Amino acid sequence: MKGDEVTRQETPAKRGGLSAVGHGFDRMRDWWEHAKVWQRYLVYIALVVGALILPAPAIGQFMSPGSDWTTVLVYPIGTYILLAVGLNVVVGQAGLLDLGFVAFFAIGGYSVAYYGTHFGWNYWATVVFGIALAAVSGVILGAPTLRLRGDYLAIVTLGFGEIVRITANNTDEIGGARGITGVPHPPPIFGTKFLLDPAPYYYLMVAAIALVIIFSVRLQKSRVGRAWAAIREDEDAAELMGVPTFKFKLLAFAIGAMIGGLAGGVYAGKAVFIEPNTFPFILSATILAAVVLGGSGNLPGVILGAFLIGWLPERFRDFADYRILVFGGVLVLMMALRPEGLLPSRRRKAELHEGTGGMGTMGAEVPGPDTDVSTTEAAK
């Protein structure tokens, strides 16, 4: 026990300045957990005001001097946040590694594009249909594969993402490699027209993110969220305790897919043109990196991670090709020095330090950063 305490005391010192930043985030999290209701509402109001004024040109001059800031807020930042919140349901809450999440993004986007251009459907009808189709696709993917775990499940989901992209590329009915052009814009809302101005799309994206966040928080605090936490921590123990693990894992896939389909529908209305290469595997990997960077399982951390993943490459666009090199180096450094992420939840941080890798059964054999290796070996 004494050796473990020494290990925990020495680790922050070894991590240096980044650890100090991490401890600052930890203190913020602790304050939030004990904050009074009125304090929380003040924070909510501040966040809403901040979101409304974020597209201001004065802010854009610093945040994205080489690009239109409002456009960057819609894509990649807003889209990444929406996708990350959806993937967090699967990876962060249920502990299932999904490497094909971009498939649901593509299904939502192609639903809006195809049914809007070929059949003249109303934009909102195509978005709802895309969400439903993505959910059904999630169930179809999950039903035969969710009995797999860890790396095996990851490979299957990666394959599903590639199947969707290649099918879109080879199907002439939905444009093939040429894609679909002339995707309809959303109809006017309160007299605001959705044309080439990115501002209306930004506020539409903010509304979609807000709805998804409320939905995700309610789920996390419900019986469903508790079942996902039990599955993530120890699926076998959860099943022995009477939790229908397969049903809840399938529900996680379906809900994550719905959010991915919503993101695709909003994106397609803004992009006007989509094609198969819009949905590569690297996008799934990028969203997963955002979830892990921010703190898998903790919604504020996931949003922060997605914001940084979307913003940093745009902020340093002047460095041309070197910006990706620097960006990758920062991610590697971050994962080496603070593997639990910038804003991990208390429970997920404890899981990581106990040796579960912070992702339930996915990392069950991987010692955490503060785990005594000798103790782990003795347990085996």
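Me: Where does V48 sit in this predicted model?
Reply: V48 lies in helix α3. That helix covers residues 37-53.

Me: What makes V48 part of a nonpolar patch?
Reply: V48 is grouped with W38, L42, I45, V49, L52, I53 and Y203. Patch members need over 30% relative accessible area and no salt bridge, and nonpolar side chains are joined within 5 Å. V48 is listed in the patch, so it passes those tests. Together the residues of this surface patch have about 790 Å² of accessible area.

Me: Which helix gives the largest share of the nonpolar patch?
Reply: Helix α3 does, with seven residues.

Me: Why is G108 called buried?
Reply: Its relative accessibility is 0%. Buried means under 20%. G108 therefore counts as buried. The residue belongs to helix α6, residues 102-118.

Me: What is G108 in contact with, beyond its neighbours within four places in sequence?
Reply: G130, G261, G264 and G265. A contact requires heavy atoms within 4.5 Å. Each of these four residues meets that limit with G108, so each counts as a contact.

Me: How far apart are the C-alpha atoms of G108 and A257?
Reply: They are separated by 9.2 Å. Along the chain, the two residues are 149 residues apart.

Me: Why does T70 count as buried?
Reply: T70 has 12% relative accessibility. The cut-off is under 20%. T70 falls under it, so the residue is buried. T70 is found in helix α5.

Me: Which residues does T70 touch, leaving out those up to four places away in sequence?
Reply: P55, P198, A199 and Y202.

Me: How do you know that α5 is mostly covered?
Reply: Count its buried residues: 23 of 25.

Me: What follows α5?
Reply: G95 does, with a positive phi near 75°.

Me: How many helices and strands does the protein chain have?
Reply: It has 17 helices and zero strands. Of its 380 residues, 49% count as buried.

Conventions:
Residues numbered from 1 in each chain as written. Predicted model: local features only at pLDDT ≥ 70, side-chain atom pairs only at ≥ 80, totals over all residues. Heavy atoms only, no water. Buried < 20%, exposed > 50% of the residue type's maximum accessible area, 1.4 Å probe, protein only. Helix = DSSP H or I, 4+ residues; strand = E, 2+ residues; numbered from the N terminus. Patch = residues over 30% accessible without salt bridge, like charges linked within 9 Å, V, L, I, M, F, W, Y side chains within 5 Å. Areas by Shrake-Rupley, 256 points an atom, 1.4 Å probe, with all protein chains shown as cover. Salt bridge = Lys/Arg side-chain N within 4 Å of Asp/Glu carboxyl O.
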